[in-house]
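Let's take a walk through this structure together. Keep the picture open and look for each part as we get to it.

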2 protein chains.
Amino acid sequence: MTEQGTEVFIDCLQFSNPTRSRFEDLRTGRLTAINQTVAIWEDSRAAIANIGAWDRLFEQHNDLIVKARTVDDILAARATGRTAVVLGFQNGSPFEDDIDLVRTFHDLGVRIVQLTYNVQNHIGSGCFESRDSGISSLFGRSVINEMNEVGMLIDVSHCGERTTLEAIALSERPVAITHANPASFVGDQVDLAMRNKSDHVIDALAERGGVIGLSMYPRMAPDGRACTLSRFAEMVAWTVERVGVEHVGIGSDFCAGHSDETMLWWRTGRWSREPVVQLDPVSFPDWMPTPAQFPALQGGLAGVGFESEEISLIMGGNWLRVFAETFGGSAVHAGAPALAADV
Amino acid sequence: MTEQGTEVFIDCLQFSNPTRSRFEDLRTGRLTAINQTVAIWEDSRAAIANIGAWDRLFEQHNDLIVKARTVDDILAARATGRTAVVLGFQNGSPFEDDIDLVRTFHDLGVRIVQLTYNVQNHIGSGCFESRDSGISSLFGRSVINEMNEVGMLIDVSHCGERTTLEAIALSERPVAITHANPASFVGDQVDLAMRNKSDHVIDALAERGGVIGLSMYPRMAPDGRACTLSRFAEMVAWTVERVGVEHVGIGSDFCAGHSDETMLWWRTGRWSREPVVQLDPVSFPDWMPTPAQFPALQGGLAGVGFESEEISLIMGGNWLRVFAETFGGSAVHAGAPALAADV
């Protein structure tokens, strides 16, 4: 059995424009699985088109990547030396205001959905809003129940504080922060300080079995563009010290190959004519310029004293556990009566 | 000059399924203008289809009804013995998350838009939600600015309290409650008590030049199904006493001809599988079964002591004033620089 036969490397947020050379980077980086964003402001129709485009890519590049709906799919991809791609949304926008669309997108293979992207939507509030009344009492709660039932991982990375805390409290299953850092470690001198998460949030997430994916994205990382591998590893150690090694993973936020217009659209959507956050293009640190260098994290983690088993959990084992606890959904999806907890 | 040549009767909320006989009722009722709802949960495409259907109706029944974009259009309709129909939305849903769609729908003739319908959306919160964080700081404020600029009347009838108060405070132009009643007069024994408005809201609306349209809809009216014309007139008098005769109008909420399925959809949208409010069909009071009886209100108002000039304001003059202060928009819409107030 090769090294890849036992290790689990998962990057729980990537948003690169797909090309064959980037799929090759995933293999070079020995990535078992990634969470690939396929919608950010899209409505249902546009999200379906994006999923359709990815389904073509899965056919064309089936020597490198595999669409994964279950943990079994991920393990099967690993066994054949390919990277499992879990489709995810960074916004509830494809659900529009229609509770039935949760199941529709689950059927299409979407397994990880961030509830809000920076601003208010029907479900809750985003981290750019000045106020956050939490998960909306009608549609928001229904979406969480439905995601629990069908088996979609709830991601709260870009949600506001109250929306994040309420999603954690309301969900029957563990919740993910796929890509953000602890605010109290990083401080407020980075570009996107509002994107990082309070100790209170991280504690609550871990108490309910969730995982936070830490990112070396320079706008959120400690020391910003100057973040070294050892400094990143110190942040991992700080977070593990706080909430336990079972609750920390990696979510790089890699997003290469997009045009200026696309990146402006991410920041502005259609809800404004001016970007709320003015950001110039930024590259990832030289110790992790692309996912091909993902295994370098192992050395960084060893350098701050983590042992082999701990490194395995952080590099992917924790995400695999959360996926297993989530993607199965409840018996409801197979047509059986609702779980007591969901009634 | 006929009686209709000088009087102004405006019903600032109707939502009936359009038929020729209902257009004839408008003429029998000598209605100068109505605010006709053409979207409630619709997205942009569905709202465009509804407007298209109405445009066909304007052609087919141009002896009875006229599409009105301006106060001049309303006065021209009156001069030719026809009823002006102002197209309105009861939800910001057709704007989706796209600020440019405000101008698109203005171009299509929509002049009155309620920001939220019962539940949370991108703009703000509805009166069925248990919490309300107000107008969202990014998209919500942009929509209000844009509506002010192009000349759309902001309606807050179904909005939550905080969303209502903030819309009133943020808008440069008067805001409307097209159809609701004072909660402190009606009390909490009616089916839809949460739809009525606090004294604080009504005071704030009037202070900024707005108008509240009072409704005899039995679920919101004083004494519910037992509401008499004189009791309704007492509510008008109570409201006038509180905020002044310039700030009170009529918004009946007439909505005949819809199927059970359609009415269920109004209550449930697509955001839930069960209606939050279970309501059986209800008919309007026998003194006002259809808009054909609209002139009967004059007698009711005279019966509680209103004078002729006051009755004219309540029956439509106040709405015409607010329309004049709103529908013109700012010079921006004609391509000139933004008004100082909008910058």
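Where chain A and chain B touch, 30 residues come from chain A and 30 from chain B, with contact meaning heavy atoms within 4.5 Å. Before going on, note that this is a predicted model, where local features need pLDDT of at least 70, side-chain atom pairs count only at pLDDT 80 or more, and totals for chains, interfaces and linings use all residues. Residues are numbered from 1 along each chain as its sequence is written, chains are lettered from A and ligands numbered from 1 in the order in which they are written, and side-chain values use heavy atoms, leaving out hydrogens and water.

Now for charges. Side chains of opposite charge can pair when their charged atoms come close. A salt bridge here is a side-chain nitrogen of Lys or Arg within 4 Å of a carboxyl oxygen of Asp or Glu.

Another salt bridge sits inside chain A: A:Arg242 pairs with A:Asp199, their closest N and O atoms being 3.6 Å apart. This pair links distant parts of the chain, since A:Arg242 lies in helix H9 and A:Asp199 in helix H8, 43 residues apart. (Helices are DSSP runs of H or I with at least four residues, strands are runs of E with at least two, and both are numbered from the N terminus.)

So how do those two helices of chain A sit together? H8 (residues 199–207) and H9 (residues 229–243) pack at an angle of about 60 degrees, with their axes 10 Å apart. (Axes are lines fitted to C-alpha atoms, for helices over the stretch in contact, and angles run from 0 to 180 degrees between N-to-C directions.) That makes H8(A) oblique to H9(A): angles under 35 degrees count as roughly parallel, over 145 as roughly antiparallel, 65 to 115 as roughly perpendicular, and the rest as oblique. A:Asp199, A:Ile202, A:Asp203 and A:Ala206 of H8(A) make the contact with A:Trp238, A:Thr239, A:Arg242 and A:Val243 of H9(A).

Next, find helix H11 (residues 296–303) and helix H12 (residues 308–326) of chain A, whose axes come within 10 Å and cross at roughly 140 degrees. H11(A) and H12(A) are therefore oblique to each other. On the H11(A) side you'll see A:Leu297, A:Gln298, A:Leu301 and A:Ala302, which meet A:Ile311, A:Ile314 and A:Met315 in H12(A).

Finally, helix H4 (residues 100–107) and helix H5 (residues 139–150) of chain A have axes that come within 9 Å and cross at roughly 30 degrees. H4(A) and H5(A) are therefore roughly parallel to each other.
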